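Please open the structure in your viewer and keep the selection panel at hand.

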Amino acid sequence: MSRRRHRISRSGDFDAVYRKGTSSAGRHLVVYTFARGDDEPARLGLSVSRRVGGAVDRNRVKRVVREQFAALDPAPPDGIDVIVIARPSVMAYLQERGSEALGERLMELVGEATKNAAP
RNA sequence: CGUGCAGGCCUGGCGGCCGCGAGUCGGCAUGACCGGCUCGAGGAAAGUCCGGACACCACAGAGCAGAGUGCUGGCUAACGGCCAGCGAGGGAAACCUCAGGGAAAGUGCCACAGAAACGACACAGCCUCAGGAGCCUCGGUUCCUGCGGCAACGGUGAAAUGGUGCGGUAAGAGCGCACCGCGGGUCCUGGUGACAGGCCCGGCUGGGUAAACCCCACUUGGUGCAAGGCCAAACCGGAGCGUUACGGACUGCUCGUCCAGUUCCAGGUAGGCCGCAUGAGGGUCUCGGUAACGGGGCUCCCAGAUAGAUGGUCGCCCACGACAGAAUCCGGCUUAUGGCCUGCUGAAUCA
RNA sequence: UCCUCGGUAGCUCAGCGGCAGAGCAUCCGGCUGUUAACCGGAGGGUCGCAGGUUCGAAUCCUGCCCGGGGAG
């Protein structure tokens with residue numbers, strides 16, 4: 001499977017998710033979701049600002065989030081766009097608790113956001 | 001042994017499993033697919049402080065101003081970099097540091113203190129002589145005034161008109177001498193040169209600050225790969241200014257050349273390809289050079305992403321390893337940081 | 001990717017070679033029955049950091065660190 005195809009790459013798509021989607025915020029991550037309404041696989045977008053850390057730390061955060069997103073169980077439904085925003089405290093959490101703990105937080109937030117969008 | 005100094009090197013390795021980017025080969029269910037093989041971050045990729053390559057701006061122009069550099073010789077595509085020297089300063093030493101041209105071209109500044117801070121002259125003061133007054137042991141001594149002589153002495157200060165010693169004198173003074181310092185020379189020797197050593201002259205003719213203005217020498221057009229080029233898509237309405245002018249082509253000025261438009265409002269596109277990785281390239285051998293570096297032979301192809309790829313986990317090696325992630329590409333500088341090796345020093349401390 | 005501006009008292013800023021200042025805030029005293037206002041006084045600073053030039057640096061020079069703004 002292609003990772004690239006499952007990413008949000010155009011700024012217009014980002015704007016659509018921010019404007020029309022629903023959000024759910026945690027201490028270290030913020031998740032936006034938006035149902036496009038087609039049957040393509042779910043896509044992921046990432047936003048990691050300089051406040052998180054240097055280039056090495058930011059790459060690590062993006063890598064971990066992508067891995068954990070691909071391993072989500074249950075997997076997010078088709079036709080959905082998900083944007084994950086990293087907050088500045090995420091590096092400290094990652095070093096303290098590890099990538100799997102961050103995956104659990106991600107699953108909670110994604111579930112919450114999709115539930116909010118459903119009704 | 002520890003300490004200090006200098007130089008060089010590396011940036012965990014091997015194996016298993018899961019996962020990512022690019023290239024290439026193959027498969028068929030031709031796709032935004034699957035499989036095999038190969039390659040896949042750094043010494044600083046960083047800060048963006050210099051220098052180039054490359055691209056466009058006029059054919060990349062001229063002059064001034066502005067800006068930058070500043071011991072000598074060399075290296076380099078170039079540099080504010082590097083190498084080798086010279087001089088000055090620091091250290092016990094190994095060794096380190098230095099924007100290190102010009103102050104008799106001119107201007108400015110030198111607070112406070114101090115007699116005086118740029119011209120030196122005055123002030124304060126010292127001395128001979130003359131006159132007057134007092135004291136008096138009648139030889140002198142003190143004070144005042146005057147004609148002269150002098151520049152040693154001056155509670156300062158970062159800095160005070162060469163320093164120390166001897167002679168000399170009424171008191172003194174490079175006035176004379178010795179040593180040290182300073183300045184000068186169509187001078188001599190060595191060196192490509194900075195400069196060093198010597199000789200002779202001047203007896204001294206006065207400071208500091210140019211990382212103050214400045215003078216001198218040399219360098220210097222601007223913007224930056226989101227440069228720039230091509231393709232596709234969309235909008236292709238209205239108003240004003242101008243049409244020998246203004247405006248634009250780096251900021252200021254002058255000249256010259258070129259461009260035909262340009263400003264505001266409204267509306268619209270912000271997708272793909274090239275640039276984009278074979279280069280002042282790396283490795284190794286050899287020759288020249290003290291070295292930086294250069295010549296030649298052989299050999300290798302070594303990241304090219306575009307919401308942006310290198311990680312996770314397990315085992316072993318004594319060890320989680322430090323700083324940290326390419327975005328047009330090179331040469332440097334600076335800063336952050338873990339470890340290893342080699343050589344040198346002998347102050348203090350320990351033995 | 002690149003270009004700019006700034007860092008001085010708790011806050012906002014001035015000072016650009018010679019003992020570091022103003023306003024607001026804080027504290028103390030006065031006024032008032034009390035508070036505010038007002039009056040008088042006091043404390044508070046590695047001038048972002050490190051070198052250098054100078055007799056002397058917040059000021060001049062060089063290199064860093066941390067913020068703010070802008071262009072495409």
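Select arginine 105: at 27% relative accessibility, it counts as partly exposed (20% to 50% relative accessible area; under 20% is buried and over 50% exposed, with a 1.4 Å probe and protein chains only). This is a predicted model, in which local features need pLDDT of at least 70 and side-chain atom pairs count only at pLDDT 80 or more, whereas totals for chains, interfaces and linings use all residues. Residues are numbered from 1 along each chain as its sequence is written, chains are lettered from A and ligands numbered from 1 in the order in which they are written, and side-chain values use heavy atoms, without hydrogens and water.

A salt bridge here is a side-chain nitrogen of Lys or Arg within 4 Å of a carboxyl oxygen of Asp or Glu. Helices (H or I, at least four residues) and strands (E, at least two) are DSSP runs, numbered from the N terminus.

Glutamate 104 is partly exposed, with a relative accessible area of 43%.

Now select arginine 43 and aspartate 81. Which is their state, buried or exposed? Both are buried, and their side chains meet in a salt bridge (3.0 Å, N to O). This pair links distant parts of the chain, with arginine 43 in strand β3 and aspartate 81 in strand β4, 38 residues apart.
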